[in-house]
Amino acid sequence: MTIVLIAGVFAVAAMLFRGGFTDTVPVTVVSPRAGLVMNPDAKVKMRGVQVGKVASIEPLPNGQAALHLAMYPSQLHFIPANVLVDITSSTVFGAKFVELVPPAEPSLQRLRAGEVLDAKHVMVEINTVFQQLTSVLAKIDPAKLNETLGALAQALSGRGAKIGQALSDLDSFLARLDPSLPALSHDIAVTPAVANAYADAAPDLVKTADNATRISQTIVDEQRNLDALLVSAIGLADIGNDVVGTNRKPLTNVLHLLVPTTDLTNQYNKALNCGLGGVGVLAKGFPLYEPGIAISASLTWAAERFRYPTHLPKVAATGGPQCLDLPKIPFDSYEPFVVADVGVNPWEYGNQQLLINSDLLKQLLYGPIAGPPRNSAQIGQPG
């Protein structure tokens with residue numbers, strides 16, 4: 001009985017050591033391979049804390065491996081649903097374990113029982129390296145390998161300093177190149193788009209190059225005429241320099257004299273535009289029935305004669321340009337008369353306007369009148 005009791009104690013201890021009495025939930029990890037040193041009961045860790053273990057390893061028909069994990073339920077609420085999986089080890093020769101790596105942006109959902117995760121990375125074991133090296137060496141002829149190594153040794157013999165200097169120069173070059181790697185990566189990334197743009201523009205570029213070839217050939221064929229043109233242009237430039245240089249002072253004086261005129265023209269540019277616009281409207285009018293000039297003339301009552309010195313002409317008008325209804329004057333309308341201080345105002349106060357006893361009317365009716373008109377100095381009343 002004592003033996004049975006001791007055996008039961010050892011069995012219970014072994015089960016406790018193996019976690020046989022610990023509640024677990026299943027999670028499956030699909031890996032390209034389980035690794036050469038991956039065994040059941042391997043640990044499942046996250047941030048260095050064990051959160052489960054490998055229950056079993058199942059090889060799949062496609063060469064991959066399915067790792068069935070036994071996860072501790074108390075740890076699942078710490079593991080995001082989009083957790084990454086690596087199969088790694090602490091050393092090259094050590095046994096593998098499953099490392100859960102939190103992503104940069106963890107999901108709000110937690111890992112649940114029955115989910116399937118993909119292992120993106122399996123650490124390379126030294127066994128795999130030796131296996132691949134053995135397969136490579138098996139295909140190499142020892143004699144040729146010996147010759148190659150001998151030639152390589154002879155080539156490197158006595159050149160250690162130069163090779164070291166070359167490696168040092170390479171290191172310096174890479175150090176200078178390192179800051180430009182981001183720009184180089186960007187250039188490589190946009191190269192396909194640039195290449196596609198050049199590919200789309202290739203027909204036009206080829207056509208442009210073909211036209212440039214023809215233009216070049218034309219220039220070669222007409223080089224004599226081109227030389228003559230250049231010589232003539234040089235002669236014209238010399239004459240122009242002579243003319244401008246000789247007449248520099250008169251040209252400068254002319255430009256200075258034109259300044260007031262150009263200033264006045266600039267001040268009245270609005271009125272000039274209105275006037276030219278009115279001429280344009282007249283030009284678009286209906287043509288005459290017969291070629292020629294149509295004149296509309298009539299006789300009007302004469303205004304009062306000028307008086308001295310009140311009506312002496314002067315330049316004192318102000319107010320600037322006035323376009324009124326120009327360039328399109330409404331039909332059957334008249335523009336108002338603009339009164340300005342120019343010495344004459346037909347509508348000034350006291351102007352009789354209609355002058356019956358006018359010398360001009362007498363001359364129109366009876367012809368020239370001998371002698372000067374009475375009161376030629378315009379002193380007092382006319383007549």
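1. Cys 274 is buried, at 11% relative accessibility, where buried means under 20% relative accessible area, exposed over 50%, and partly exposed in between (1.4 Å probe, protein chains only). Cys 323 is likewise buried, at 10%. A disulfide, that is, a pair of cysteine sulfur atoms within 2.5 Å, joins Cys 274 to Cys 323, with an S to S distance of 1.8 Å. The structure holds one disulfide. Cys 274 lies in helix 8 (residues 269-283) and Cys 323 in the loop between helix 8 and helix 9 (359-366), so the pair ties together parts that are 49 residues apart in sequence. The torsion about the S-S bond is about 90 degrees, so the disulfide is right-handed.

2. The model is predicted: local features need pLDDT of at least 70, side-chain atom pairs count only at pLDDT 80 or more, and totals for chains, interfaces and linings use all residues. Residues are numbered from 1 along each chain as its sequence is written, and side-chain values use heavy atoms, with hydrogens and water left out.

3. The mean pLDDT (the predictor's confidence in each residue, from 0 to 100) of the chain is 78, and 78% of its residues reach 70 or more. Confidence is lowest in helix 1 (residues 2-18), at a mean of 53, and highest in helix 7 (residues 248-267), at 89. Where pLDDT is low, the predicted coordinates should not be read in detail.

4. The chain contains nine helices and seven strands; helices (H or I, at least four residues) and strands (E, at least two) are DSSP runs, numbered from the N terminus. Of its 383 residues, 14% count as buried. Among contacts (heavy atoms within 4.5 Å) between residues at least 6 apart in sequence, 65% join residues at least 24 apart.

5. Some backbone geometry deserves attention. Most residues other than glycine have a negative phi, and most peptide bonds are trans. Leu 324, in the loop between helix 8 and helix 9, has a positive phi of about 55 degrees and is partly exposed, with a relative accessible area of 44%. The loop between helix 8 and helix 9 also holds Pro 327, and the peptide bond from Leu 326 to Pro 327 is cis, with omega near 5 degrees.

6. Asp 41 is found in the loop between strand 1 (25-31) and strand 2 (43-46). Its phi is positive, near 75 degrees, and Asp 41 is partly exposed at 36% relative accessibility.
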